[in-house]
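Here are my notes for you, in numbered points. Keep the model open while you read, and find each residue as it comes up.

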Amino acid sequence: MGQNIIDAWAKGLIGKSFVWGHTDCHQLLYQFVKITNPTWTDPHGLGRLAGTYSNKLEAIRVARQLKIPEWFAELDYTCKSVNKIETGDIAVVKNTDSRITYDMYWPVIYNNTVMVADPTDDMIKQRHIHEMSLYDFQVYRRNQ
C-alpha cells in the first residue's frame, strides 16, 4: 500500500457530503480496504451494498448482516493493542447499544489521522485520533 494512493483517495473525500450508502463509514471502509489490499476480490459483497440504503435505519439493517471482523481475519488484519496507530490501520468503535448495532470504522489515513464519516454535520472529515478520545476504539492492523 502506498501513502500517495491513500493521500489521493482521502483528498478526494475530505470535505465532501456524508451520504448514507455512499460515504458512510462502511462504504469508506470498503473503499479503504480495496485500495490498501489491491488483490482483494470482496468475496462477501460489501461493495455491492453501495446505494442500497439511504438512511440510518436502513444502514443499521445492512450492518446487522455484515461480519466485518471475520473479513478482517481473511485479509490478515488482527486486533492489536498499540501505543500509536499507523497509516493503513483501521480504528473500530464497537457500539454497545444493542438497539443500534452499528459499529463505526475509521481508516487511518496518516499516522494518527483518521477519516471520519460524520452524519451529525453531513461531512467527511479527517481528525487526529486524540480528538476522538470520547470513543473507546480497537485497532486492526494488517500483518506484514
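1. Start with Q27, which counts as buried at 2% relative accessibility (buried is under 20% relative accessible area, exposed is over 50%, and partly exposed is in between, with a 1.4 Å probe and protein chains only). Q27 sits in helix α2; helices here are DSSP runs of H or I with at least four residues, strands are runs of E with at least two, and both are numbered from the N terminus. Leaving out residues up to four places away in sequence, Q27 touches G21, H22, L46, L49, A50 and Y53, where contact means heavy atoms within 4.5 Å.

2. A quick word on what you're looking at: this is a predicted model, with local features needing pLDDT of at least 70 and side-chain atom pairs counting only at pLDDT 80 or more, while totals for chains, interfaces and linings use all residues. Residues are numbered from 1 along each chain as its sequence is written, and side-chain values use heavy atoms, leaving out hydrogens and water.

3. Now the sheet. It is an open one of 6 strands in the order β1-β6-β2-β3-β4-β5, with antiparallel pairing; two strands pair if DSSP finds at least two bridges between them. β1 (77-80) and β5 (123-128) are at the edges with a single partner strand each, so one side of each has no neighbour in the sheet. On average, neighbouring strands are turned by 30° against each other, direction ignored. In general, strands of a sheet pair through backbone hydrogen bonds, either parallel or antiparallel.

4. Have a look at β2 next.

5. On to β3, which pairs with β4 (residues 113-118) in the antiparallel sense over 2 bridges. Here Y110 stands opposite T113 in β4. Helix α2 (residues 25-36) packs on the sheet, touching β1, β2, β3, β4, β5 and β6, and its direction makes about 40° with that of β3. Helix α1 (residues 3-13) lies across β3, β4 and β5, at about 125° to β3. For these angles, axes are lines fitted to C-alpha atoms, for helices over the stretch in contact, and values run from 0 to 180 degrees between N-to-C directions.

6. M104 is worth a stop. It belongs to strand β3 (residues 104-110) and is partly exposed, with a relative accessible area of 25%. Beyond its neighbours within four places in sequence, M104 is in contact with C25, A91, V92, V93 and Y135. M104 and I5 are 99 residues apart in sequence and 23 Å apart in space, C-alpha to C-alpha.

7. M104 turns up again at the largest pocket: among the 21 lining residues, M104, A117, D118, P119 and Y135 lie nearest its centre. On a 1 Å grid over the protein atoms alone, a pocket is an open set of points with protein on both sides within 12 Å along at least five of seven lines, a cavity is a set where a 1.4 Å probe fits but cannot get out, and lining residues have an atom within 4 Å of a point. The largest pocket holds about 400 Å³ of space; points are joined across faces, edges and corners, and a volume is the space filled by probe spheres set on them. β4 gives the most to this lining, with 3 residues.

8. Last, check two loop residues. D76, in the loop between α4 and β1, has a positive phi of about 70° although it is not a glycine. D122, in the loop between β4 and β5, has a positive phi of about 55° and is not a glycine either. D76 is partly exposed at 37% relative accessible area, and D122 is partly exposed at 46%.
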